[in-house]
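This report describes selected features of one protein structure. Please look at the sequence and the model before reading on.

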Amino acid sequence: MTATEELPGAVGDEVLEGKVLLVDQPHVPEPVDVLAGLAVRRGERSPLVPVWLKSRADALQVLRWQAEHCGYVLAYHSLRAPKYAAKLAVRSPAGLWRLLVASVRWLFDLEGRPVRRAAVSREDTADYLALSRQRDGRVKARLLTVLIGAVTVALVGILVAVSTPTWVHWAALGALVAVLGLVGSPADKPLLERAVTPSHVRKLTSDQVLDALGSLGISAINQALGKAGRGITFPAPIMRDGPGWRAEVDLPLGVTVSDLLEKRDKLASGLRRALGCVWPEPVSEEHPGRLVLWVSDQEMRKARQPGWPLLKSGQVSLFDPIPYGNDQRGRPVSVLLMFANVLIGSMPRYGKTFALRVLLMACALDPLAELRLFELKGTGDLSALEKVAHHYAKGATEAAKAACVASLAEVYAELDRRAGVIDGLPRHQAPEFKVTPELAARRDLGLHPMVIAIDECQELFADDEYGDEAAKFATAIIKRGPALGIILILATQRPDKDSLPKAISANAGIRICLRVMGWQENDMILGTGMHQAGVKATMFTLNDKGISWAVGIAEDPIIVRSAYLDGPTSELVAERAFQLRQAAGTLSGQAIGQAAPVRASYDLLADILAVTRAKEEKVWNSTVVDRLAEFRPSTYGHWADLEDDAKTAALTARLKEYGVKTEDTWGRDPAGRGRNRKGFQRADVTQAWGKRKSSL
């Protein structure tokens, strides 16, 4: 029968022009391995090695844990060796008595006495005589064995006593006492104490997983688990994975892992585990319905956290991932800061500043990185880094805010300079038009990494005097800075539209959200729709300090717990960073005693009016840029080195911020030749300056 013959319609068949086209192909036998005689299956094969051995980080973690555990157990019992020796000495008389009793029973065949007595009771003479002869033969043979053994032991003992030093005698006596002590140990009182008390955590089974999934109230899962359903499959066996159990599940058709993420509390209830122990995760390289359910032995907040890798030694390059913290399984989590910006948010007192401090401590250990740090809370959480910072200010004071805006203005101007430098390089040196490690290392280019961090940034952006200007600078930096080697890190405890401009929050590539109370705050930090997708920082409890959802660190959102660096520890790391920079000769700014940045008191529009004459109705941008650079070199001097087209573009961008249009303007160059170039009408500048002045 062919695929185009008329057949009754069936489920899964497609009808075309009155004929039935069979969708499912006829069964084709699988290819056969002639040598093995077995069908070669193309399905997914079980891994040759355990899952944890596929990752170098996971393997190192497991081996490190095993080594640490064995070392701890060895040290525990070594410290109690005198106690164990005393217990053996006390138990040795009982051991000697047990040994003597057992020897006598064996020597005189006392285990056969009940059988012989039974023969006497039955008055079975033949049986008794046979048993007696057997007993006599055994006793004679055993007496001979004991005699030979005793003589041998005596001779060996005399030989050892005569020919060996005293310490051997004591060692032999100790060994004898130890053996007797072990023999005399009661069954309910073992010699060794437990170095590790079992946690009595239930093993995770498929039945538990299925019961928990069925308790979520998802109709597709309930149908799959019903009598007529297809069921739920497990692509791999449930196994131990670090300090917990790992289950891999193929959810029913149409169910995604995100459907489970928003029901994590119900999943934990179904498993009868603490919420901090249950962590469902998607598998990005598989289909959206592939779930990895990891159930830890203890809550993440109670688990022992590994130490920060850079705590005692090492330096970093911001072009490589830097260590930040650990995920639920204790695996290290690193962050690649270069070419990204960071936004950190949470309620007060949940570890936001500690998370920021870990990132900045790592940045400080890159000798090439220039740090501009502004801690607007005023408690000195970042004060350890003052000795290595190019700019540093703390407190929600007018002076600190002014210094922050002044520093942002410098970085804002740096955007154009760096863009011009990169554009002027040969293409083989900057093939992707961005900063590379090689370019950053060249002192003559000034393209070293630059890190600007503002803690409690809502104090700046919500300020009536400084907010608009700071937002303007930060928006430009966060959009253009990453390709130019400039990293902006913002931390806030009030993530709303007034305290954190949308243009800034929308362009942060890395987002870290600790505990927040509502979905609006959650999505303001992590991105629109994250709360609905199950990525909820609202699920963290009062005790989950330092634990956050992180977006942009890995392909999928992950749970991460930042490393813990207290004040004294931070001082030690900062001192090492200072020594690295001193050796490299990269200390700058306030770190070498230069004055703090001062907010510029100039006004671009007023300066343009100052360098142009009233009778100049129209003027070229490039001409005005040259005049501005001569008029105020400290402010506009960096524009003087640009090409004419770059000068025109730079001033065009600044005028656009004030609503001043630029257009083709007729004029004459220094050689007297007439031509059209981009320029503006002086009257438009005068009008914009008047509006700006009246609004102040």
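L144 is found in helix α4, which covers residues 125-163. The model discussed here is predicted.

Two other helices pack against each other. Such a pair is described by the angle between the axes and the distance between them.

| Helix pair | Axis distance | Crossing angle |
|---|---|---|
| α11 (residues 398-424) and α14 (residues 467-480) | within 9 Å | roughly 35° |

The crossing of α11 past α14 is left-handed. From α11, the contact is made by V405, L408, A409, V411, Y412, L415, D416 and A419. The α14 side contributes E469, A470, F473, A476, I477 and R480. By type, the residues of this contact comprise 11 nonpolar and three charged, with no polar ones.

Charged pairs are found in the structure as well: a search of the whole structure gives 33 salt bridges. One of them joins E68 and R304, whose closest N and O atoms are 2.4 Å apart. This pair links distant parts of the chain, as E68 and R304 are 236 residues apart. E68 sits in helix α1 (residues 56-79), whereas R304 lies in the loop between β8 (290-296) and β9 (322-326).

Definitions and conventions: Residues numbered from 1 in each chain as written. Predicted model: local features only at pLDDT ≥ 70, side-chain atom pairs only at ≥ 80, totals over all residues. Heavy atoms only, no water. Helix = DSSP H or I, 4+ residues; strand = E, 2+ residues; numbered from the N terminus. Axes fitted to C-alpha atoms, helices over the stretch in contact; angles between N-to-C directions. Left-handed = near helix turned anticlockwise from the far one by under 90°. Contact = heavy atoms within 4.5 Å. Nonpolar A, V, L, I, M, F, W, Y, C, P; charged D, E, K, R; others polar. Salt bridge = Lys/Arg side-chain N within 4 Å of Asp/Glu carboxyl O.
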